Every structure is written in structure tokens, then in C-alpha cells.
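Dear colleague,

Please find below the structure that I am handing over to you.

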Amino acid sequence: MAVSEPKSHIVVLGNEKGGSGKSTTAMHIVAALMAEGYRVGTVDLDSRQRTLSRYIDNRRVYANRNDLTLPLPEHRIVAPSSADNRTDAQADEYERLNAAVRELTAVNDYVVIDCPGSDGHLARLGHGLADTLITPVNDSFIDIDLLASVDPDTFDVAGPSHYAEMVWEQRKHRLLRDGSSIDWLVMRNRLSSLDARNKRRTGRVLERLAGRVGFRLAPGFGERVIYRELFLQGLTLLDLGNGKARSMTMSHVAARQELRGLMNTLTLPKVSQPARAS
Ligand SMILES: Nc1ncnc2c1ncn2[C@@H]1O[C@H](COP(=O)(O)OP(=O)(O)OP(=O)(O)O)[C@@H](O)[C@H]1O
Ligand SMILES: [Mg+2]
């Protein structure tokens with residue numbers, strides 16, 4: 001983490017592609033920040049699936065049932081508007097999202113926003129609020145296609161995708177609105193330990209894309225059962241091995257290293273003195 005700043009910092013997990021690991025990554029980033037003693041607010045913009053919300057609910061229930069003290073974020077869900085008229089609906093979504101974020105940023109060091117895996121007005125608003133935007137992608141050219149089109153023979157970048165253009169658009173609005181920028185990181189998720197050739201190829205293309213499309217490349221998470229199986233208990237890697245929650249294996253240690261690698265690359269500013277865990 002870098003220099004001190006008083007303002008709270010907003011981290012957004014976004015990608016129009018469903019199932020790329022946004023909610024899983026969001027929960028692990030939240031846990032990593034809380035483990036350092038920061039106060040964290042969370043916003044779920046995916047009111048249909050509510051994965052992040054359910055993760056947090058499961059965590060609360062697990063802690064109560066097992067008489068554990070687990071840190072929890074201050075959570076909000078912002079659902080799409082039910083207004084018939086498009087202009088009214090967009091104004092309503094803008095109001096409610098901004099109100100939720102205002103409340104959370106007033107008392108939390110970080111706010112983590114989880115976007116749905118599709119384009120929509122709320123998702124776009126969410127992207128526009130990001131100080132740091134993280135886009136997890138599965139390690140496949142189908143997912144990379146969501147960032148830019150790539151020549152099949154040369155692997156040259158032919159042009160940016162709708163999603164990349166949407167991020168640029170939000171960056172532009174952001175700059176005009178408050179003069180600040182969005183630090184965009186793309187992170188590879190579910191990296192296979194077996195398919196080394198594909199991994200090298202996609203890695204090379206992503207490196208090329210980073211400069212062209214305007215993002216930083218972050219180290220990703222491997223394909224590991226542990227990222228999936230803790231959901232029902234609302235636990236994360238960082239809750240393991242403390243003698244109470246669950247025990248650890250070598251794969252868990254490696255996964256923690258991956259999470260540490262991601263957090264280090266994010267270089268989030270230290271927004272305030274860490275609140276001491278009670
Ligand atoms: N590194 C990983 N290893 C193994 N499984 C993973 C990993 N990351 C995510 N998963 C699994 O992949 C699926 C999709 O993950 P997740 O729900 O986090 O994606 P998402 O981008 O939030 O999806 P959506 O767009 O539908 O909201 C889930 O079943 C999750 O448990
Ligand atoms: Mg999700």
C-alpha cells in the first residue's frame with residue numbers, strides 16, 4: 001500500500017462477462033482489508049444473484065452458530081429501479097447508489113462495489129465511482145475478447161471491446177467530474193496448473209493489451225477448490241488456520257500468497273489509520 005490520504009477509497013469489481021470471479025475476488029479483498037483492521041463498506045449491485053450479499057449473510061450466520069468473532073463489512077444492496085420511464089429510472093438509480101456510497105464512505109476506510117456480470121445503467125454508474133477498478137478474466141480468449149478483439153494469426157490487438165470503451169467513457173466522465181482517475185487492473189482468474197501453453201499465450205496477449213487498452217495487469221488466482229468451498233460458511237482464506245474457523249493445507253497457503261500478491265499490486269492508498277480490531 002502507498003501514501004496516506006484522508007479520503008476513503010472505492011474499489012469496484014466489474015466485467016460484463018458473467019462468472020469471471022468478481023464476487024469471489026470482492027469478498028477476498030474485503031477480508032484482506034478487514035484483516036488489516038480497516039473499516040470496509042460493501043455494495044452489491046447484482047441484486048438478482050446477490051452473491052456478495054449472501055456471502056456476507058453466510059459469514060454472519062456461521063460466526064453466530066460457532067460463537068466466533070468474524071469481522072463483517074457494512075453492507076448495502078442497490079437494486080435496479082422499478083420506474084417505468086427510462087429517465088426516471090436512471091435518476092432514481094443514480095440517487096440511491098450515490099446515497100449508499102455517501103453513507104458508506106463517511107464512516108469506512110474502503111468501499112468495495114460488486115457489479116453484475118452484464119452491462120446496465122447501475123453497473124456503469126458503479127464503474128464511474130471506482131478509484132480502483134478490478135476486472136477478473138478467466139484465462140481464455142473468450143474472456144479476453146471482452147477486453148479487445150485479437151487477430152487469430154498474429155495475436156495482434158485489432159481494437160477495443162464495448163466493455164473497454166465503456167471503461168474509457170467512465171474515466172472521461174470521472175476526470176471531468178472531479179479531476180481524478182480510475183486505476184484499472186485486469187486480473188487473471190482460475191489459472192490452470194496444467195495448461196501451460198494456453199497460460200503463456202493468454203499472458204502474452206494480455207500484456208500486449210495492457211498498454212493498448214490502458215490497464216495494469218495484476219497477478220491472478222489459480223483454479224482452486226478453496227475459492228469455491230468457503231462460500232456457504234462465508235469464510236475466506238484469511239479465516240483459515242486461526243485455530244477456530246478451519247485448518248489449512250499447502251494449497252491454502254499458496255492461495256493466500258496469491259491474494260497477498262493481488263493486494264500488493266493494487267497499491268491501495270492507506271486511507272486512514274487502521275481502526276484497531278476490538
Ligand atoms: N480461483 C477460483 N478457483 C475456483 N473456482 C473459482 C475461482 N474463482 C471463482 N470461482 C468459482 O467460479 C464461479 C463464478 O465466480 P463468481 O460468482 O465469483 O463470479 P462473478 O464474476 O461474480 O459471476 P457473476 O457475473 O455471475 O456475478 C463460482 O462458482 C466461484 O466459486
Ligand atoms: Mg457476482
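On the face of helix 6 turned away from its buried side lie the exposed residues His162, Glu165, Lys172, Leu175 and Leu176. Please bear in mind throughout that this is a predicted model.

Helix 6 comprises 17 residues, 162–178. From its first C-alpha to its last it reaches 24 Å, close to the 24 Å expected at 1.5 Å a residue. Its buried residues are Tyr163, Ala164, Val167 and Gln170. These are on the same side of helix 6, because they cover an arc of only 120° around the axis. The packing partners of the buried residues of helix 6 are helix 4 (121–128), helix 7 (196–214), strand 6 (132–138), strand 7 (148–150), strand 8 (157–160) and strand 9 (183–189). Just after helix 6 comes Gly179, with a positive phi of about 70°.

When neighbours within four places in sequence are left aside, Ile113 is in contact with Ile10, Val12, Val43, Leu45, Gly126 and Leu129.

In total, 19 residues surround ligand 1, and the closest are Gly18, Lys22, Ser23, Thr24 and Gly117. Divided by class, the shell has 10 polar, 6 charged and 3 nonpolar residues.

Most residues other than glycine have a negative phi. Arg50, however, has a positive phi near 50°, and Arg190 has a positive phi of about 60°. Arg50 is found in the loop between strand 3 (40–44) and helix 2 (51–65), whereas Arg190 is placed in the loop between strand 9 and helix 7. Is each of them buried or partly exposed? Arg50 has 16 other C-beta atoms within 10 Å and is therefore partly exposed. Arg190 has 20 C-beta neighbours inside 10 Å, so Arg190 counts as buried.

Yours sincerely

Key:
Residues numbered from 1 in each chain as written. Chains lettered and ligands numbered in written order. Predicted model: local features only at pLDDT ≥ 70, side-chain atom pairs only at ≥ 80, totals over all residues. Helix = DSSP H or I, 4+ residues; strand = E, 2+ residues; numbered from the N terminus. Expected span 1.5 Å × (residues − 1). Buried ≥ 20, exposed ≤ 12 C-beta atoms within 10 Å, placed from the backbone. Arc of directions from axis to C-beta. Contact = placed C-beta atoms within 7 Å. Near = placed C-beta within 6 Å. Nonpolar A, V, L, I, M, F, W, Y, C, P; charged D, E, K, R; others polar.
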